[in-house]
Structure formats: C-alpha cells, structure tokens
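Okay, thanks for having me, everyone. I've got a structure to walk you through, so let me put it up on the screen.

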Amino acid sequence: LGMPSVPIKLADRRVSRKIQVGSVAVGGDAPVSVQSMTTTRTSDIGATLQQIAELTASGCQIVRVACPTQDDADALSVIARKSQIPVIADIHFQPKYVFAAIDAGCAAVRVNPGNIKQFDDKVKEIAKAASAAGTPIRIGVNAGSLDARLLAKYGKATPEALVESALWECSLFEEHGFQDIKISVKHNDPVVMVNAYRQLAAQCDYPLHLGVTEAGPAFQGTIKSAVAFGALLAEGIGDTIRVSLSAPPAEEVKVGIQILESLNLRQRRLEIVSCPSCGRAQVDVYKLADEVTAGLEGMEVPLRVAVMGCVVNGPGEAREADLGVASGNGKGQIFVKGEVIKTVPESKIVETLIEEAMKIAEQMEKDGIAS
Ligand code: SF4
C-alpha cells in the first residue's frame, strides 16, 4: 500500500485574500470549508449546542446561528464559547445584535445588505468594533432581499444586481478601512448564481461563500447545489460552501463534503464504485452495494471498493480499486489491489469485503493515510 497519489485538480484556485473565521481560515490557500446552519431557536442554548455537536460530528467546520431576537443575542456568548467549531451569528435588521455578536466572541457575523442601508450611520461603528475584535463580516446578498434601489434598476435579481449590491455593501465597510470580509451572492437558480459568482470573482479578491439559496428538498437541492458548486469550484471559484436543503442540517454537511471529495478538493474517504447493473448481472447489485455501503459506513480512510455485477467489466473495475468483487455463477471473486485473493460463495461476499476492508484500513492507518 503506497501513499495516495496527488489528486488531479480541475483548475487553479482563484487568488483570494485569506480571512480567519475563528480557527478556520477561509480563502487564500486554505482548503474549501463546509458550513451549515442550525435550525433550533438560538435562545434554546441546550438544543442549539446539541445540534452543533451533531453537525461537528458529521464534519461541519463552521456553523451559523440565526439571531432574530434579544434572547438569541443573549445566548450567543455561551454558544460561541461551548461550540467545538466557529460560530457565525446571522443578523438581519438590528445593528445592536451585530455588536452583541462581536462582544459574545462569535467567529464572524453575517449581515444582510438589503437591510444594512437602514443603519448606514452604524457601519462605521460596526467596522470599528469588528476590527478591534478581529471579527470578519460576511456580506450575504440574497436574491430575495435585494436592495430596493437595485431591484428598481435591474428589474429583478440578475447576476449584475447581486454583484453590484455586494460590492456596494463592501464599499461601505471599505470606506472605514475594513476589509475583513467574505461575500455570498445567493440565488435559487443555479445559472443566475453561477454567473453572479463568476462576475464577483473577477471584480474583487474577497473570499467567497458559495450557496444556492432555497435550493429545495434533499434530492433537488443536492443536485442544484452540486451542479452550481461544481461549475464554480471546477473554475477555482469558492472558498467555503453551504448546501441549503429543506432537510436536517447534517444532511447539508454530508452533501457538501461529497461535493468537495468528488472534485478532489478534499481527500476522498470511502468510495463505493458500483455498477448500475444490466441484463448481464449475476447478482442483485443494488442490494450488494447497499449492504457493502452500510457495512463500511464511518470508515475514515480513502478506500475505493468496487462492487460489480458480472465478470464482463467486473474484474477490470475491481482491479482498479483497493478492494472489489466481481460476481458470477453464484460466487464472488474478491480482489485486493488488483489480485484475486479468493473466491467466495455469494452469501459470503459482504462479510468478506468488510473483513478485507478492515485489514486494508488498519494498514492505511498504520501508514498514516487516514484522512
Ligand atoms: Fe452489467 Fe456487468 Fe457492467 Fe454490471 S459490471 S453493468 S452487470 S456488464
């Protein structure tokens, strides 16, 4: 077993300035990070911390919490202190909560540009407080809350309108010498969103937070996000991602991680290479793939396991993987690193694969290959 080869990249990363969101760097040469947002009432400190712990366990690196009321603002300091990952306070409307979030030790604050105009006179103070505390700000432009002036100018939330809004908001902070900023320009249409980020990427060097807003339920939202993030990340655009799903936030994290792994922006972990099955299949491939996936769940090493339905493409694919099976005649040929190590009856395929996977994983861990 050798070290994993250097992953092939699709594009060089766009050059962006690096900011520090608590312990997680965003932008520059920092790996693209995955974030999510809690769905609990932030004022319910116990429930929020519980959800943050679940998100952390699922691989979430930065978490955002909504802060619509004074009770939520009051909860921020305990949450920021007890969370295992950096906490970003999401503020709309009230500048006073921005100051509260900074004082509470939040790792960053997200402000909504559709509303910031209302507290223009506060921008200087926010810049001063954020700067003194080293707290970055995310300018979070959303199609749904675009500034009325820009809506009138463009007629709707076009890519140009989103970008103009974001850069204008940035300029309000820049006037006060504040540039500790990252930006998002979210839209529910991946095509508009991709164009907006492309334009934004060309016009500034701030790190970018990618998001398709209101992407929908899990299936549709996953695909919309994967397509949009994939297009941008393949061009080197994007420094941190949030998949928005009408589903539990840990699902968003799983999808985000899978997108990054698919693009080689992150070391792949367990990868099941299973065939779609066809008229030649001599085994129930779906069932076999599901059973192998379930049996190997939680494995942290970059293991590629091939599950093939017959001996036509089976041995070829199985040889390319760390471990694999090609089925035929009620039996499974088990491959490890290209060599058939044994042939087992169909009923023993799953347990044999799991057994062999454990051995390989152990060796990888010894060799320091675990991700
Ligand atoms: Fe069909 Fe065999 Fe290919 Fe699976 S491996 S899709 S069963 S030809």
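Predicted model: local features only at pLDDT ≥ 70, side-chain atom pairs only at ≥ 80, totals over all residues.

The chain has 371 residues, and 51% of them are buried. If you trace the C-alphas along the principal axes, you get a span of about 75 × 40 × 35 Å. As for secondary structure, there are 13 helices and 15 strands.

How about the surface? The accessible surface of the chain is about 16,400 Å², and carbon and sulfur atoms account for 52% of that. And then the contacts: take those between residues at least 6 apart in sequence, and 63% of them join residues at least 24 apart.

Okay, now the helix pair. Find α8, which covers residues 190–203, and α9, residues 218–233. At what angle do their axes cross? Roughly 25°, and the axes come within 10 Å. Angles under 35 degrees count as roughly parallel, so α8 is roughly parallel to α9. The crossing of α8 past α9 is right-handed.

So which residues do the touching? From α8 we have Pro190, Met193, Val194, Tyr197 and Arg198. Across from them, in α9, sit Lys224, Ala228, Phe229, Ala231 and Leu232. Sort the residues of that contact by type and you get eight nonpolar and two charged, with no polar ones.

Key
Residues numbered from 1 in each chain as written. Heavy atoms only, no water. Axes fitted to C-alpha atoms, helices over the stretch in contact; angles between N-to-C directions. Helix = DSSP H or I, 4+ residues; strand = E, 2+ residues; numbered from the N terminus. Parallel < 35°, antiparallel > 145°, perpendicular 65-115°, else oblique. Left-handed = near helix turned anticlockwise from the far one by under 90°. Contact = heavy atoms within 4.5 Å. Nonpolar A, V, L, I, M, F, W, Y, C, P; charged D, E, K, R; others polar. Buried < 20%, exposed > 50% of the residue type's maximum accessible area, 1.4 Å probe, protein only. Areas by Shrake-Rupley, 256 points an atom, 1.4 Å probe, with all protein chains shown as cover.
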